[in-house]
Amino acid sequence: MPQSLLHGLQLNALVALDALLGERSVTRAARRIGVTQPAMSQTLARLRVLFDDPLLVQSGRVMKLTPRADAMLVPLGEALQAVERAVQLGLRFEPKTSRRVFRVAMTDLHLALTMPTLLQALERHAPGVRLQAEVISLPDLTERITDGEIDLALGFLLRPPERIHRETLFLDEYVCLVRQGHRLARRKRLTLEDYGKHQHLANTPVSFVPRTMAGSTYGFGGREGIRASLPYLLALPAIVRSTDLVATAPRRILEAPVSFEGVVVIDAPRELPKVEHSIWWHPRFDGDPAHTWLREQLRVAAAAPACPAN
């Protein structure tokens, strides 16, 4: 598409294109953005001329995207979301009518414990607001928050630079998990000496290596230290159950919807630091009413007891 045509392309045409590509139906796309089917058909005809591409083609009883339309689907949606966020910044936020999309990153523990309560709150107070959630990935987290790819992160023991704002929601303590029959299973609390004599299972999203363990770690497969690392906290009990490894996790993992059968929970050494469950965001969102509202919802959801399983 020539640049001159791009300059003449109206935003409402892009909104219609996004609906058409997402719904793969003129009727559903028209309903989605609140126009008549004939009006949407006319818009599709203009878009086909503009892009010199059919965009949607009939295949049996369904419409399928052309390769060009398929390539535009995701980036077009992301671009429109970015435009929506830009024009909403600084405006009064009305949860009941907003259709804003928030992108949040959390540990899998917080996804399991916080998301149910958070989504219940959205259903009651903000039925049009949507969440795109993902598990935290530490190496690029700061960059993604700075670039606006993530609105907010929820986790513990992360170390973002000073330019990322941090708010501690509550403090927790560490516990150690071992299998039944493990040499440490009868202990009520481990000592640093116990800690140094056994191999450990580490959690990678938060780069968690207990400070007291770091000095005695010879590397993977060494006599002491970390034998294995994995990206999910909620997988710890299953692995501990069938190995002699020691896993260290926040006590709140005991509220998670996973089985601890065959697993013994022991208090971690007193020397380990407290667990700081915190949220992080970029300071440019400090005064954004929508972001302020989201942070408050997360404060409430993160502090609430886990939702009982059905």
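In which strand is the place of Arg 130? Arg 130 lies in strand S4, which covers residues 130-135, strands being DSSP runs of E with at least two residues and helices DSSP runs of H or I with at least four, each numbered from the N terminus. The model is a predicted one, in which local features need pLDDT of at least 70 and side-chain atom pairs count only at pLDDT 80 or more, while totals for chains, interfaces and linings use all residues. Residues are numbered from 1 along each chain as its sequence is written, and side-chain values use heavy atoms, with hydrogens and water left out.

Arg 130 is partly exposed, with a relative accessible area of 47% (buried means under 20%, exposed over 50% and partly exposed in between, for a 1.4 Å probe and protein chains only). When its neighbours within four places in sequence are left aside, Arg 130 is in contact with Arg 100, Val 101 and Phe 102, where contact means heavy atoms within 4.5 Å.

Helix H6 (residues 108-125) packs with helix H11 (residues 289-303) at an angle of about 130°, and their axes are 8 Å apart; axes are lines fitted to C-alpha atoms, for helices over the stretch in contact, and angles run from 0 to 180 degrees between N-to-C directions. That angle makes H6 oblique to H11, given that angles under 35 degrees count as roughly parallel, over 145 as roughly antiparallel, 65 to 115 as roughly perpendicular and the rest as oblique. On the H6 side, Thr 114, Thr 117, Leu 118, Ala 121 and Leu 122 meet Trp 293, Gln 297, Leu 298, Ala 301 and Ala 302 in H11. By class, this contact of H6 with H11 has seven nonpolar, three polar and no charged residues (Ala, Val, Leu, Ile, Met, Phe, Trp, Tyr, Cys and Pro count as nonpolar, Asp, Glu, Lys and Arg as charged, and the others, Gly among them, as polar).

Helices H3 (residues 26-33) and H4 (residues 37-51) pack at an angle of about 110°, with axes 9 Å apart, and are therefore roughly perpendicular to each other. Val 26, Thr 27, Ala 29, Ala 30 and Ile 33 of H3 make the contact with Gln 37, Met 40, Ser 41 and Leu 44 of H4.

Five strands form an open sheet of mixed pairing in the order S9-S8-S10-S7-S11, two strands being paired if DSSP finds at least two bridges between them.
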